[in-house]
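Student: I would like to learn how to read salt bridges and disulfides in a model. Please take me through them one at a time.

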Amino acid sequence: MRPQHLVTFPRNLHPGAWWLWALGLAAAASRTQNPVPLLLILVVTGFVVAARRSNAPWAKSYGAFLKLALIVIAIRIVFQAVLSSGSQGPTVLFTLPEIPVPSDTGIKLGGIISLEAVLRAFYEGLQLATILCCIGAANSLGSARRLLRYVPGALYEIGVACVIALTFAPQLVTDAGRVRAAHRLRGQTSRGLGSLKRLAMPVLEGALDRSIELAAAMDSRGYGRTTDAGRVSRRVTGLLVFGGLLGVCVGVYGLLAGTSAGWVGLPMLLGGCLLAAVGMFFGGRRTGRTKYRPDPWALPEWLVTGTGLAAAVTMFVAVERTPADLFLASVTQVPPVPLLACAGILIAIAPAFLAPPLPRSDRPQTAQPQQLEVAA
Amino acid sequence: MASSTTLRRSAGVLISLFVAVFVAAGFSGTAHAVDGYKFWNYFHATDGAWAFSQKGASAYEPADGTIEGYRFGTTTANDTDGLPPRADLAEVNFETICGAAEADVDQKRVGVVIDYGTEADAEDTTPPAPRAECAVVDADANGLQVLQAVANVRIENSFSCAIDGYPAQGCGTPVADATDTTGEQPVAFELPADETVEETAPAADPAGDDGNDLLFPLVLAGVVVVALGAGAFALNRRNPDA
């Protein structure tokens, strides 16, 4: 057995596996508004991130997504419970002073706040927050930047452009800080719209300079485009990829919305995937590119992807079998525990143990070595 | 070389044609296949006849002594009359629904008629028996609060999707090849018995009665959530880098 098939051999897991795992959990979250499975998904993503997070800067992004999720819930409650009369129930919690608004608009300012409206807003907000946290987990475990290395050959140019943009974005913030510091040294105020104008010019100028330098450097190193593909074949692959991705979008919408006609879902998704794959295959044949130290796709990758998929599949089966447990008939009743769906979600915690441990250099530093360094 | 280019070109043209047909069929198909929607129709009983409500239940304030009607069923997109409850208003009227109910000074009595629709509109299930209830609510309660006083309502994005968990999922589900239903025969409604009318009776909760059966898995799930959350927190503390 080769070492990359061992779950104990330290290495970085393929970022694609993390994204598929997280998308499986997000798909499961999109099919229920029962807070029990939603909270389970939330803690499962948090646990796996805590267990398999690297020391890279993007690994901290889960915390940011968690904060964003809390803000989403708060906004949802304010807008739906305080500013809308659409879901107010008979259990009135308290009454705020009301500013009269024509009742046709469905908007209200103040007035009664009922338990039903607050709970409904909380459950709906929790669903969105959970999906956000799944994306946050994917981002912090397998960064979007590492994932960009695996864009298919047909989309090579777009991938390179994205990598450059992601690399230069932090530089832009540093630039802005420098220009601002220089303004302050000259005694100019760094507030208001006028300062923004003064700030924008040097920052844009610097970005343009850097782009030209980078373009020259890449050109001299042979990154310039030298493919000899004909115009027609280029257009056909472009059309195939675009049409395929469009089909994938419609298919995913049909599958997740759950309300549209049956053939919009899975058949459209599969058809779109097939078209996109054909397009990318033909497009990829044009260019032969090397990959620097590619991550293998071995047994741990299959296991991680499989657990995410298992969570999604059990949720879809549970929705078919006991829809009443996953779409609450009443928010004030004690939420039922859908055992099948919960079991599926708990399977998805396995990557905390099945994903290979990180190489020592990528692990977050523990407190002790740092103290030793200080002592030495 | 030349033959392979021609081959590729013709294949390309064929595939692009296929894509065009595929996409066109996709969009025109969604536009034409859906002629109707399945949802809860909302009615007011005025002058002994059902009138399709022009407002949402939350924007309408029913007066004391009136009757509200709800009917689940398929309505075509260009039907403006809605699908009324199959209740004979001569038999199901305010007297028979709310005759036994008593209201305080600052309360009002509103009859609520709930018709779960036909077998044809139910998906693999039998719709519950149609019933009528008397809601005794605060005098300024709106139609939605009146309904929620006698039934469980699943609201999604401020749209009433299900009454008493029926239908179990979906909201305004599109129906292909829908036809308008007309001239339905009235059906028998389950009226509240004289002695069982309660004041502001909260919706009967069939699952909530056996509290212990329901509470144990919930406590278990709660313990799992707390344990995993604590585990994640502890793992994070071990890696103070973040």
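Tutor: We start with a residue. Arg76(A) has a relative accessible area of 24%, so Arg76(A) is partly exposed. Buried means under 20% relative accessible area, exposed over 50%, and partly exposed in between, with a 1.4 Å probe and protein chains only. This is a predicted model, in which local features need pLDDT of at least 70 and side-chain atom pairs count only at pLDDT 80 or more, while totals for chains, interfaces and linings use all residues. Side-chain values use heavy atoms, without hydrogens and water, residues are numbered from 1 along each chain as its sequence is written, and chains are lettered from A.

Student: Which residue does Arg76(A) meet in a salt bridge?

Tutor: Its partner is Glu124(A), at 2.6 Å, N to O. The pair links distant parts of the chain, 48 residues apart: Arg76(A) sits in helix 3 (residues 61–82) and Glu124(A) in helix 4 (residues 115–141) of chain A. Helices (H or I, at least four residues) and strands (E, at least two) are DSSP runs, numbered from the N terminus.

Student: Is Glu124(A) buried or exposed?

Tutor: Glu124(A) is buried, at 4% relative accessibility.

Student: What about Arg86(B) and Asp115(B)?

Tutor: Their side chains form a salt bridge of 2.9 Å, N to O. Arg86(B) lies in the loop between strand 3 (67–76) and helix 2 (94–98) of chain B, and Asp115(B) in strand 4 (residues 107–115), so the pair ties together parts 29 residues apart in sequence. Both residues are buried.

Student: Which hand does each disulfide have?

Tutor: Read the torsion about the S-S bond. For Cys98(B) and Cys134(B) it is about 105 degrees, so that disulfide is right-handed. For Cys161(B) and Cys171(B) it is about -70 degrees, so that disulfide is left-handed.

Conventions:
Salt bridge = Lys/Arg side-chain N within 4 Å of Asp/Glu carboxyl O. Disulfide = S-S within 2.5 Å.
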